Amino acid sequence: MSLPQLILSIPLFLILMLGIGFILNMILKTTWLPLVLYLILVVILWFYYGTFKGGDLLVLVGGGLSGAFLSGWTIKTLRSKGYRMF
């Protein structure tokens, strides 16, 4: 993976997982389910493909896992501030 691909992939995965996690949290009324589902997906990919290279792991953990965590944290914060729809 080249450096420009790595630089673009990390924020794209972060935004992608933040959006998907936020939508799942609103639909299913859960907080940390997207994070758990993302971890399960990464483990399945780990067993299927064997090992990840440095850039792949950085994108999956740095971008995707951060986005999944931020979606749960955002929903939790909105609920604590009184937004009932979340």
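Reader: What secondary structure does the protein chain have, and how do the elements run?
Author: The protein chain comes to 3 helices and 0 strands, and from the N terminus on the order is α-α-α. Helices here are DSSP runs of H or I with at least four residues, strands are E runs of at least two, and both are numbered from the N terminus.

Reader: Before we go on, what should I know about the model itself?
Author: It is predicted, so local features need pLDDT of at least 70 and side-chain atom pairs count only at pLDDT 80 or more, while totals for chains, interfaces and linings use all residues. Residues are numbered from 1 along each chain as its sequence is written, and side-chain values use heavy atoms, with hydrogens and water left out.

Reader: How do α2 and α3 pack?
Author: Helix α2, residues 33-49, packs with α3 at an angle of about 160°, with the axes 8 Å apart; the axes are lines fitted to C-alpha atoms over the stretch in contact, and angles run from 0 to 180 degrees between N-to-C directions. The two helices are therefore roughly antiparallel to each other, a label for angles over 145 degrees.

Reader: Which residues of α2 and α3 meet there?
Author: From α2 come P34, L35, Y38, L39 and W46, and they meet L57, L60, G64, L65, A68, F69 and S71 in α3, where contact means heavy atoms within 4.5 Å.

Reader: And what about α1 with α3, at what angle do they pack?
Author: Helix α1 (residues 3-28) and helix α3 (residues 54-80) pack at about 35°, with their axes 7 Å apart.

Reader: Changing topic, which residues form the largest nonpolar core?
Author: That core has 7 residues, namely M17, L35, Y38, V42, F52, L60 and A68, and α2 gives the most to it, with 3 residues. Such a core is a set of buried Ala, Val, Leu, Ile, Met, Phe, Trp, Tyr and Cys residues joined through side-chain atoms within 4.5 Å.

Reader: What does Y38 touch?
Author: Not counting residues up to four places away in sequence, Y38 touches F13, M17, L60, G64, L65 and A68.

Reader: Is S71 buried or exposed, and why?
Author: S71, which lies in helix α3, counts as buried because its relative accessibility is 0%; buried means under 20% relative accessible area, exposed over 50% and partly exposed in between, using a 1.4 Å probe and protein chains only. Leaving aside neighbours within four places in sequence, S71 is in contact with M17, L18, G21, F22, N25 and P34.

How values were computed. Parallel < 35°, antiparallel > 145°, perpendicular 65-115°, else oblique.
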